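Q: I have a chain open here and would like to go through it piece by piece. Can we start with the helices?

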Amino acid sequence: MRYGSARPRPAQKRPARRPGYRTAYWFLLPNGLGFLVFTLVPVLAALGLSFTHWDAIESWQGIRWGGVNNYVEILGFHRGP
């Protein structure tokens, strides 16, 4: 056997997808939608509301943008008395 004269390997075929994958995705879809609706959306809404000044007793028209000031007050980085 000489060095450098090895035969190239034949190209390997990709295995065909099994037909059960599509069915599995359909069974997982309600779980994914439930996660989005009941977990991700409320977390993002709470994050957005955390940057506002709002009493929750007033109507939605009472919301004012507060920005990062809410976090500055909570963490104690404010200056002054």
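Q: Where is the kink in α1?
A: The kink lies at L28, shortly before the proline P30, and comes to about 35°. The bend at a residue is the angle between axes fitted to the seven residues ending there and the seven starting there.

Q: Before going on, what kind of model is this?
A: It is a predicted model, in which local features need pLDDT of at least 70 and side-chain atom pairs count only at pLDDT 80 or more, while totals for chains, interfaces and linings use all residues. Residues are numbered from 1 along each chain as its sequence is written, and side-chain values use heavy atoms, with hydrogens and water left out.

Q: Back to α1. What does α1 span from its first C-alpha to its last?
A: Helix α1 covers residues 20-49, 30 residues, and reaches 43 Å, close to the 44 Å expected at 1.5 Å a residue. The expected span is 1.5 Å times one less than the number of residues.

Q: And what pattern does the chain follow along the sequence?
A: The pattern is α-β-β-α, with two helices and two strands. Helices (H or I, at least four residues) and strands (E, at least two) are DSSP runs, numbered from the N terminus.

Q: How much of the chain counts as buried?
A: Of its 81 residues, 5%. Buried means under 20% relative accessible area, exposed over 50%, and partly exposed in between, with a 1.4 Å probe and protein chains only.

Q: Is T52 buried or exposed?
A: T52 counts as buried because its relative accessibility is 14%. T52 sits in strand β1, residues 52-53.

Q: N70 came up. Where does N70 lie?
A: In helix α2, residues 69-75. N70 is buried, with a relative accessible area of 13%, and its side chain reaches the backbone oxygen of S50 at 2.8 Å.

Q: New topic: how many aromatic pairs are there?
A: Three. One of them is W54 with W60, stacked at 4.6 Å centre to centre and 20° between the planes. Rings of Phe, Tyr and Trp (its six-membered ring) pair if their centres lie within 6.5 Å; planes under 30 degrees apart count as stacked, over 60 as edge-to-face and the rest as tilted.

Q: Which residues form the aromatic cluster?
A: F51, W65 and Y71.

Q: Last one: what is the phi of A56?
A: Positive, about 75°, although A56 is not a glycine. Most residues other than glycine have a negative phi. A56 is in the loop between β1 and β2.

Key
Polar contact = N/O pair within 3.5 Å; in protein donor to acceptor, adjacent residues only side chain to side chain.
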